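These are my notebook entries on a structure that I went through step by step. I wrote down each thing I looked up, together with the rule behind it.

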Amino acid sequence: MTRTYTVSIEINGQQVEASVEGRRLLVDFLREDLGLTGTHAGCEHGVCGSCTVLLDGVAVRSCLALTAQMNGRRITTIEGVTPPAGLNPVQQAFWDMHGLQCGFCTPGFVMTLHALLLERPNAHDEELREALNGVLCRCTGYQNIWRAALRARELAGVAASNTHTEERV
Amino acid sequence: MKPVPLDYVVPSSVEEAVAVLHEGGGEARPIAGGQSLIPLLNLRLATPATLVDVARLPELAGVTVGGSSIVLGAAVTHSDVEHSKELARSLPLLPFVAGHIGHPPIRVRGTLGGSLAHGDPAAEWPTVMALLDATVLAQGVTGSRRISARHFCSSFLTTVLEPDEVLVSIEIAQPSHRCRFAFSEFARQAGAFALVIVAAMAVIHDGVVDDVALGVGGCGSTPLVFTGDALPLAGERLDDTAIDETARVVSSSVEPPSDIHASGEDRREIARALVARTLRGLGGPPPNKGWAP
């Protein structure tokens, strides 16, 4: 009988308790144990980016994380940033700019941009490129993904300045 | 593919980690960020029975900048180095190099110690730490020892660490404030594994190269370091003739590997161009400027 480990992980705002094997990858725990299939397993060695989730608010590769290592931490998946109805601003940007075809890489791009723009709503073009570099797309040829990223930054900038307005009031 | 079944242990001290590794008899391996190790696990190129998590050990944490040396904890992430204000002041080569490693999601998890212990000759830290002649501090059942970074990698993906040893910290002697650095790497895409890495350091006085060392990664089974007389530009003016001759001598002396990414001859040609580009980068205004892009 293989040894299992008890973990307590906050996932999309909810505390999850589970018993996992030492070798259980976070991507598989999310997809198969929790049914959160929005996170995708593309390459299983960290280069494609389709498995990207947020760990304590920062983008990481869930295919390169053991679930046991995530004990006590806070995970956000694509399900956690999608509103109950409609799309969040980054998703809306991808919709507006036709930044997806099959959609396999899309959660990876959305999570990556979501994390970046949350911290740096006025990220420079170079920072956007650096972030996008980490996710591979086999369908689109990237042009519309770039347009979507610029649009997402526009929407993030608007959101940021709205927040400041509210704070002043 | 998925990893083989394995046990996962989280020790609370280096002593405890060493004890578990020792008990494991070679079947237990340390894990920090896992950004190099977990791909190997997933492809079953590594099949340890036990993983010993060293990422949060207090002895492996932190960046300490003293008067004469810089000490980096083995569990410091590439992202920590990339964004360290202290290192930007005292040795900006390090944040510059860190920013070249993979992509941001890799950098927030991957560690300096993990990269060194992985022993990939085409990785940034093994090459740069060898150039800087850094000292690795390792701890095992018989005690601690200091290992020169220039003798740390013994072969491809192999270091001189014993199975029970944990890499604790890396110490770098603060270079002279007159020392200039340059670094570049060549990869087919930004963020992909580099084919060739070149790092250079030199003291340049009145346009003449007083002291110079070159680190080259990806051209052998370990990182390679060239110093002093092995380099034609030592003692010469930093000009195109000396730079090109040095690039020629260095690239003709290495035996780079051939694999699916590039032939040995391709790597040799890339090394020649990259050495020249990096040495040109030394020519910028002092101090610690002259980065090669």
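This is a predicted model: local features need pLDDT of at least 70, side-chain atom pairs count only at pLDDT 80 or more; totals for chains, interfaces and linings use all residues.

Residues are numbered from 1 along each chain as its sequence is written, chains are lettered from A and ligands numbered from 1 in the order in which they are written, and side-chain values use heavy atoms, without hydrogens and water.

I then placed A:Val47 in the loop between helix 1 (26-33) and strand 3 (52-55) of chain A, helices (H or I, at least four residues) and strands (E, at least two) being DSSP runs numbered from the N terminus. A:Val47 is partly exposed because its relative accessible area is 32%, where buried means under 20%, exposed over 50% and partly exposed in between (1.4 Å probe, protein chains only).

**Interface**

I next looked at how chain B meets chain A, and the contact (heavy atoms within 4.5 Å) takes 27 residues from chain B and 26 residues from chain A. The two chains bury about 2,400 Å² between them, 56% of it on carbon and sulfur atoms; buried area is the accessible area (1.4 Å probe) that two parts lose on being put together, summed over both. Of the area that chain B buries against chain A, B:Tyr8, B:Pro105 and B:Arg109 supply 24%, more than any other three residues.

I found three salt bridges across this interface, the rule being a side-chain nitrogen of Lys or Arg within 4 Å of a carboxyl oxygen of Asp or Glu. I also recorded a salt bridge between the side chains of B:Arg107 and A:Glu130, at 3.4 Å from N to O.

**Salt bridges**

My search of the whole structure gave 21 salt bridges over all chains. A:Arg151 pairs with A:Asp96 at 3.5 Å between the closest N and O atoms, and this pair links helix 6 (residues 143-168) with helix 3 (residues 89-96) of chain A, the two residues being 55 apart. In chain B, B:Glu165 and B:Arg145 form a salt bridge with closest N and O atoms 2.8 Å apart. B:Glu165 lies in the loop between strand 9 (158-159) and strand 10 (166-173) and B:Arg145 in strand 7 (residues 143-148), so the pair ties together parts that are 20 residues apart in sequence. B:Glu165 counts as buried because its relative accessibility is 8%, whereas B:Arg145, at 32%, is partly exposed.

For A:Cys43 the nearest cysteine sulfur is that of A:Cys48, 3.9 Å away, and for A:Cys63 it is that of A:Cys51, 3.7 Å away. A:Cys63 counts as buried because its relative accessibility is 2%.

How values were computed
A disulfide is a pair of cysteine sulfur atoms within 2.5 Å.
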